[in-house]
Amino acid sequence: MRSVHSSVIENTVYRLIEKACLNLTPSCLHALKEATKQEDPKNASRFALDTVLQNATTAATEHMPVCQDTGYAVILAEIGQDVHIEGDQLSDAVNRGVRRAYEDFCLRKSICDPLTRINTTDNTPAALHTEIVAGNKIKLTFLPKGFGSENMSRLYMLTPANGKKGIVDAIVETVKLAGSKPCPPVICGVGIGGTFDTCAFLAKKALTRELGSFHPREDVAAIEKESLQKINSLGIGPQGFGGNVTALGVLCEIAPTHIAGLPVAINIQCHCMRCESEII
């Protein structure tokens, strides 16, 4: 049994937040650069992509948030079953790391009571998702989730008869209904199967995958590719200016479900993909 002190978790979360909020992921930067090749230099869509890339460069150089919406702090913790956490509770350590980072790096604090709308003033509590895995290490992933895109996400409780076509149709419909609101080109995290709640978690987890990757199952990868092709045929384009690139990627995760159901969750992410992981 390996012991990890809660202070190590707190400090790791702190570092992840600093890096993530100031930088797009390398795979997102690459996808945006590739997207510029698909847009006419004379069109507003190309101007939008060039501006997005310039913004990313400025944010990294000037040590500033790459987007003013520094998001709901989403933490995915994969905890080895042979790890013992010493000190404070995991959630307390995570929230301290969030609290310190959002204060020290002047990140916007956006968390409030859903009814009174009173701000918690420190961007806590974080959304903490834990999974017990094999081994004696902890993998922490930080995903700051802006709500311009989060608000455009949808959950479908399809029937088995809807099949693969129904899944693709649901993904494409979600992006079409969102239009320009989530600051396209978007990334679609998709959860397939499980239950009402677990498919939503799968959709969120899918967003932590590297852009450009495909699911190892061929049938799932086929859904990713078909959905992306159909989304990019919608003509919404970067920032809604029209064009060829409405989405940078569709990333699916899948789990077994009940014989009577086919839950599908689509978690929309804007072009500003920020995600960092560390193993301790």
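**Exercise 1. Determine which residues of helix H6 meet which residues of helix H8, and describe how the two helices pack.**

Step 1: In this predicted model, Lys164, Ile167, Val168, Ile171, Val172 and Val175 of H6 are in contact (heavy atoms within 4.5 Å) with Asp219, Ile223, Glu226, Ser227, Lys230 and Ile231 of H8.

Step 2: Sorted by class, this contact has 7 nonpolar, 1 polar and 4 charged residues.

Step 3: The axes of H6 (residues 163-178) and H8, being lines fitted to C-alpha atoms over the stretch in contact, lie 9 Å apart at an angle of about 35°, and the crossing is right-handed.

Residues are numbered from 1 along each chain as its sequence is written. Local features need pLDDT of at least 70, side-chain atom pairs count only at pLDDT 80 or more, and totals for chains, interfaces and linings use all residues, while side-chain values use heavy atoms, with hydrogens and water left out.

**Exercise 2. Locate His215 and work out why His215 counts as buried.**

Step 1: His215 is placed in the loop between helix H7 (198-206) and helix H8 (218-231).

Step 2: His215 counts as buried (under 20% relative accessible area, with a 1.4 Å probe and protein chains only) because its relative accessibility is 11%.

Step 3: Apart from neighbours within four places in sequence, His215 is in contact with Arg209, Val220, Ala221, Glu224, Cys252, Glu253 and Ile254.

Step 4: The His215 side chain also reaches the backbone nitrogen of Arg217, at 3.0 Å.

**Exercise 3. Identify the buried residues of helix H2 and name elements that cover them.**

Step 1: Within H2 (residues 26-36), the buried residues include Ser27, Cys28, Ala31, Leu32, Ala35 and Thr36.

Step 2: Their cover includes helix H3 (44-62) and strand S8 (247-257).

Conventions. Helices (H or I, at least four residues) and strands (E, at least two) are DSSP runs, numbered from the N terminus. Buried means under 20% relative accessible area, exposed over 50%, partly exposed in between (1.4 Å probe, protein chains only). A polar contact is a pair of N or O atoms within 3.5 Å; within protein, one must be able to donate a hydrogen and the other to accept it, and residues adjacent in sequence count only if both atoms are side-chain atoms. Axes are lines fitted to C-alpha atoms, for helices over the stretch in contact, and angles run from 0 to 180 degrees between N-to-C directions. A crossing is left-handed if the near helix is turned anticlockwise from the far one by less than a right angle, and right-handed if clockwise. Ala, Val, Leu, Ile, Met, Phe, Trp, Tyr, Cys and Pro count as nonpolar, Asp, Glu, Lys and Arg as charged, and the others, Gly among them, as polar.
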